[in-house]
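Visitor: I am new to protein structures and would like to learn how to read one. Could you take me through it feature by feature?

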Amino acid sequence: SRKGDVVVRNNSELACSVALRWSSKILRVVDRVPEKPYTIPALSFVIFAIEISPARINPSYCKQVSVINLSNRANDQYVNIKSNNVDSNRVSLHSLFYLVRSKHPSNTIYFDTLVANSPAIRTFTLKNITTSNLTLLLSPSLPDAITLYREADDKQGGAGEATGKPEPGRRLHRRGNRVPMPELSSLATAA
(Lines give C-alpha, C1' and ligand atoms only; values in the text may rest on other atoms or scores of the structure.)
Protein backbone atom coordinates (compact mmCIF):
# COMPACT_ATOMS: atom_id res chain seq x y z
CA SER A 1 0.00 0.00 0.00
CA ARG A 2 1.03 3.60 -0.56
CA LYS A 3 0.05 6.86 1.08
CA GLY A 4 -0.30 10.37 -0.27
CA ASP A 5 -1.53 13.64 1.16
CA VAL A 6 -4.44 15.78 -0.02
CA VAL A 7 -4.08 19.30 1.36
CA VAL A 8 -7.34 21.24 1.57
CA ARG A 9 -6.66 24.94 2.03
CA ASN A 10 -9.18 27.53 3.18
CA ASN A 11 -8.23 30.82 1.49
CA SER A 12 -11.25 32.57 2.97
CA GLU A 13 -11.26 34.78 6.05
CA LEU A 14 -14.17 32.70 7.36
CA ALA A 15 -14.04 29.16 8.69
CA CYS A 16 -15.48 26.45 6.43
CA SER A 17 -16.49 22.79 6.68
CA VAL A 18 -15.40 20.10 4.23
CA ALA A 19 -15.94 16.36 3.79
CA LEU A 20 -14.38 13.82 1.41
CA ARG A 21 -16.45 11.40 -0.66
CA TRP A 22 -15.58 8.66 -3.16
CA SER A 23 -16.53 5.13 -4.11
CA SER A 24 -13.57 2.74 -3.98
CA LYS A 25 -12.77 -0.36 -1.94
CA ILE A 26 -9.01 0.20 -2.08
CA LEU A 27 -8.85 3.86 -0.95
CA ARG A 28 -9.09 4.95 2.66
CA VAL A 29 -8.37 8.07 4.69
CA VAL A 30 -5.79 7.42 7.41
CA ASP A 31 -6.68 8.50 10.97
CA ARG A 32 -9.86 10.35 9.94
CA VAL A 33 -13.49 9.52 9.21
CA PRO A 34 -13.94 10.63 5.57
CA GLU A 35 -17.70 11.30 5.74
CA LYS A 36 -17.34 13.38 8.90
CA PRO A 37 -17.27 17.15 8.24
CA TYR A 38 -14.02 18.86 9.22
CA THR A 39 -13.88 22.55 10.05
CA ILE A 40 -10.94 24.44 8.56
CA PRO A 41 -10.14 27.72 10.33
CA ALA A 42 -9.82 30.91 8.28
CA LEU A 43 -6.68 31.12 6.13
CA SER A 44 -5.60 27.63 7.23
CA PHE A 45 -5.55 24.08 5.88
CA VAL A 46 -6.17 20.44 6.80
CA ILE A 47 -4.24 17.43 5.51
CA PHE A 48 -5.99 14.18 4.59
CA ALA A 49 -3.60 11.22 4.24
CA ILE A 50 -5.05 8.82 1.67
CA GLU A 51 -3.86 5.23 1.50
CA ILE A 52 -4.31 2.96 -1.50
CA SER A 53 -4.14 -0.82 -1.06
CA PRO A 54 -4.51 -2.35 -4.54
CA ALA A 55 -6.37 -5.64 -4.73
CA ARG A 56 -5.36 -6.58 -8.28
CA ILE A 57 -3.21 -5.51 -11.21
CA ASN A 58 -4.47 -2.33 -12.89
CA PRO A 59 -1.88 -0.21 -14.73
CA SER A 60 -4.33 2.67 -15.25
CA TYR A 61 -6.24 2.94 -11.96
CA CYS A 62 -7.98 6.32 -11.56
CA LYS A 63 -10.57 7.44 -9.00
CA GLN A 64 -12.04 10.84 -8.29
CA VAL A 65 -12.21 12.06 -4.68
CA SER A 66 -14.75 14.81 -4.09
CA VAL A 67 -13.86 17.52 -1.59
CA ILE A 68 -17.30 18.77 -0.59
CA ASN A 69 -17.34 22.35 0.66
CA LEU A 70 -20.28 22.23 3.04
CA SER A 71 -20.12 26.01 3.54
CA ASN A 72 -20.32 26.78 -0.18
CA ARG A 73 -21.45 23.90 -2.43
CA ALA A 74 -20.62 25.98 -5.52
CA ASN A 75 -16.96 25.56 -4.51
CA ASP A 76 -16.73 21.74 -4.40
CA GLN A 77 -13.35 20.50 -5.63
CA TYR A 78 -12.18 17.20 -7.12
CA VAL A 79 -8.91 15.30 -6.81
CA ASN A 80 -7.95 12.51 -9.21
CA ILE A 81 -6.08 9.62 -7.61
CA LYS A 82 -4.03 7.76 -10.24
CA SER A 83 -2.01 4.62 -9.67
CA ASN A 84 -0.09 2.05 -11.69
CA ASN A 85 -0.93 -1.12 -9.76
CA VAL A 86 1.62 -3.74 -10.79
CA ASP A 87 2.44 -7.12 -9.31
CA SER A 88 6.08 -6.48 -8.40
CA ASN A 89 6.12 -9.22 -5.72
CA ARG A 90 4.32 -11.75 -7.94
CA VAL A 91 1.39 -11.87 -5.53
CA SER A 92 -0.96 -13.17 -8.23
CA LEU A 93 1.36 -16.16 -8.75
CA HIS A 94 1.48 -16.84 -5.00
CA SER A 95 -2.30 -16.56 -4.77
CA LEU A 96 -2.57 -19.75 -6.84
CA PHE A 97 -1.01 -21.74 -3.98
CA TYR A 98 -2.04 -20.26 -0.62
CA LEU A 99 -4.16 -17.64 1.11
CA VAL A 100 -3.01 -15.18 3.76
CA ARG A 101 -5.71 -14.14 6.20
CA SER A 102 -5.49 -11.45 8.86
CA LYS A 103 -8.01 -9.61 11.02
CA HIS A 104 -7.48 -6.30 9.17
CA PRO A 105 -10.09 -5.49 6.46
CA SER A 106 -7.44 -5.05 3.75
CA ASN A 107 -5.87 -8.39 4.76
CA THR A 108 -2.58 -6.79 5.82
CA ILE A 109 -0.71 -6.98 9.11
CA TYR A 110 -0.86 -3.56 10.78
CA PHE A 111 1.01 -2.67 13.94
CA ASP A 112 -0.41 0.88 14.01
CA THR A 113 0.66 2.72 17.19
CA LEU A 114 3.11 0.86 19.42
CA VAL A 115 4.61 1.58 22.83
CA ALA A 116 8.41 1.89 22.63
CA ASN A 117 10.39 -1.11 23.92
CA SER A 118 7.22 -3.19 24.32
CA PRO A 119 6.47 -6.23 22.19
CA ALA A 120 3.27 -6.48 20.16
CA ILE A 121 1.80 -9.57 18.54
CA ARG A 122 -0.26 -9.73 15.35
CA THR A 123 -1.56 -12.99 13.94
CA PHE A 124 -2.18 -14.18 10.44
CA THR A 125 -3.12 -17.52 8.93
CA LEU A 126 -1.69 -19.19 5.85
CA LYS A 127 -3.94 -21.72 4.13
CA ASN A 128 -2.80 -24.14 1.46
CA ILE A 129 -5.34 -24.12 -1.37
CA THR A 130 -3.66 -26.84 -3.43
CA THR A 131 -3.85 -30.61 -3.05
CA SER A 132 -0.07 -30.87 -2.52
CA ASN A 133 2.12 -30.02 0.44
CA LEU A 134 3.86 -26.64 0.22
CA THR A 135 7.13 -25.43 1.68
CA LEU A 136 7.39 -21.67 2.08
CA LEU A 137 10.33 -19.48 2.94
CA LEU A 138 9.02 -16.86 5.38
CA SER A 139 11.25 -13.96 6.32
CA PRO A 140 10.43 -10.55 7.79
CA SER A 141 11.38 -7.40 5.90
CA LEU A 142 12.91 -6.02 9.14
CA PRO A 143 14.61 -9.01 10.80
CA ASP A 144 16.02 -6.88 13.63
CA ALA A 145 12.54 -5.63 14.58
CA ILE A 146 10.20 -8.49 13.62
CA THR A 147 10.38 -12.14 14.63
CA LEU A 148 8.18 -14.85 13.17
CA TYR A 149 6.68 -17.53 15.40
CA ARG A 150 4.37 -20.37 14.55
CA GLU A 151 1.98 -22.44 16.58
CA ALA A 152 3.72 -25.57 17.86
CA ASP A 153 2.45 -28.95 16.73
CA ASP A 154 1.24 -31.11 19.63
CA LYS A 155 3.66 -33.83 18.49
CA GLN A 156 6.71 -31.60 18.94
CA GLY A 157 6.20 -30.75 22.61
CA GLY A 158 8.37 -28.27 24.47
CA ALA A 159 7.69 -24.88 25.96
CA GLY A 160 6.91 -21.86 23.85
CA GLU A 161 9.47 -19.22 23.01
CA ALA A 162 7.11 -16.32 22.39
CA THR A 163 6.84 -12.99 24.16
CA GLY A 164 3.69 -12.89 26.26
CA LYS A 165 1.53 -15.82 27.19
CA PRO A 166 -0.16 -17.99 24.58
CA GLU A 167 -3.67 -19.28 25.12
CA PRO A 168 -3.86 -22.20 27.58
CA GLY A 169 -3.16 -25.47 25.83
CA ARG A 170 -1.38 -23.80 22.89
CA ARG A 171 2.40 -23.81 22.69
CA LEU A 172 4.28 -21.39 20.48
CA HIS A 173 7.82 -21.83 19.32
CA ARG A 174 10.30 -20.04 17.15
CA ARG A 175 11.08 -21.77 13.87
CA GLY A 176 13.64 -21.46 11.17
CA ASN A 177 12.47 -19.93 7.93
CA ARG A 178 11.24 -23.17 6.34
CA VAL A 179 7.61 -23.73 7.24
CA PRO A 180 5.73 -26.74 5.82
CA MET A 181 2.02 -26.14 5.55
CA PRO A 182 -1.36 -27.56 5.14
CA GLU A 183 -3.03 -25.12 7.57
CA LEU A 184 -0.59 -23.06 9.59
CA SER A 185 -1.05 -20.20 12.04
CA SER A 186 1.93 -17.90 12.43
CA LEU A 187 2.55 -15.03 14.79
CA ALA A 188 4.53 -11.93 13.86
CA THR A 189 5.92 -9.90 16.73
CA ALA A 190 7.43 -6.44 16.65
CA ALA A 191 9.76 -5.19 19.32
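**A guided reading**

Guide: Let's begin with a pair of charged side chains: D76 and R73 meet in a salt bridge, with 3.0 Å from N to O. Keep in mind that this is a predicted model.

Visitor: What is the general idea behind such a pair?

Guide: Side chains of opposite charge can pair when their charged atoms come close. In this case, D76 counts as buried because its relative accessibility is 14%, and buried means under 20%.

Visitor: How many salt bridges does a search of the whole structure find?

Guide: The search finds 2. Besides the pair of D76 and R73, there is a salt bridge between E51 and R28, whose closest N and O atoms are 2.7 Å apart. This pair links distant parts of the chain, since E51 lies in strand 5 and R28 in strand 3, 23 residues apart.

Visitor: Let me step back for an overview. How many helices and strands are in the protein?

Guide: The protein has 1 helix and 14 strands. Of its 191 residues, 30% are buried.

Visitor: How do I read contacts along the chain?

Guide: Look at how far apart in sequence the touching residues are. Among contacts between residues at least 6 apart in sequence, 65% join residues at least 24 apart.

Visitor: How does strand 3 pair with strand 5?

Guide: Strand 3 pairs with strand 5 (residues 45-52) in the antiparallel sense, over 4 bridges. Here our salt bridge comes back: R28 has E51 as its bridge partner in strand 5, and the side chains of E51 and R28 also form the salt bridge.

Visitor: Which other residues does R28 touch?

Guide: Leaving aside neighbours within four places in sequence, R28 is in contact with W22, A49, I50, E51 and Y110.

Visitor: What about side chains along a strand?

Guide: In a regular strand the side chains alternate between the two faces of the sheet. For a case in strand 5, take I47, which is partly exposed with a relative accessible area of 37%. Together with V7 and F45, I47 forms a nonpolar patch on the surface, with about 250 Å² of accessible area in total.

Visitor: And what is the order in the open sheet of 4 strands?

Guide: That order is 4-2-6-7, again with antiparallel pairing. Its edge strands, strand 4 (38-40) and strand 7 (77-85), each pair on one side only. The twist from one strand to the next averages 30 degrees.

Visitor: How many bridges join strand 6 to strand 2, and how many join strand 6 to strand 7?

Guide: Strand 2 (residues 16-21) and strand 6 (residues 58-69) are joined by 4 bridges and run antiparallel. Within that pairing, A19 stands opposite I68, while R21 has S66 as its bridge partner. Strand 6 and strand 7 also run antiparallel, joined by 8 bridges. One example is Y61, whose bridge partner in strand 7 is S83.

Visitor: Why does S66 count as buried?

Guide: S66 counts as buried because its relative accessibility is 14%, and the cut-off is under 20%. Not counting residues up to four places away in sequence, S66 touches A19, L20, R21, Q77 and Y78. So to read a residue like this one, check its strand, which is strand 6, then its accessibility, 14%, and then its contacts, which include R21.

Technical notes:
Residues are numbered from 1 along each chain as its sequence is written. This is a predicted model: local features need pLDDT of at least 70, side-chain atom pairs count only at pLDDT 80 or more; totals for chains, interfaces and linings use all residues. Side-chain values use heavy atoms; hydrogens and water are left out. Two strands pair if DSSP finds at least two bridges between them. Helices (H or I, at least four residues) and strands (E, at least two) are DSSP runs, numbered from the N terminus. Patches are made of residues with over 30% relative accessible area and no salt bridge: like charges are joined within 9 Å, nonpolar side chains (Val, Leu, Ile, Met, Phe, Trp, Tyr) within 5 Å. Accessible areas come from the Shrake-Rupley method with a 1.4 Å probe; for residues, only the protein chains shown count as cover. A salt bridge is a side-chain nitrogen of Lys or Arg within 4 Å of a carboxyl oxygen of Asp or Glu. Buried means under 20% relative accessible area, exposed over 50%, partly exposed in between (1.4 Å probe, protein chains only). Axes are lines fitted to C-alpha atoms, for helices over the stretch in contact, and angles run from 0 to 180 degrees between N-to-C directions. Contact means heavy atoms within 4.5 Å.
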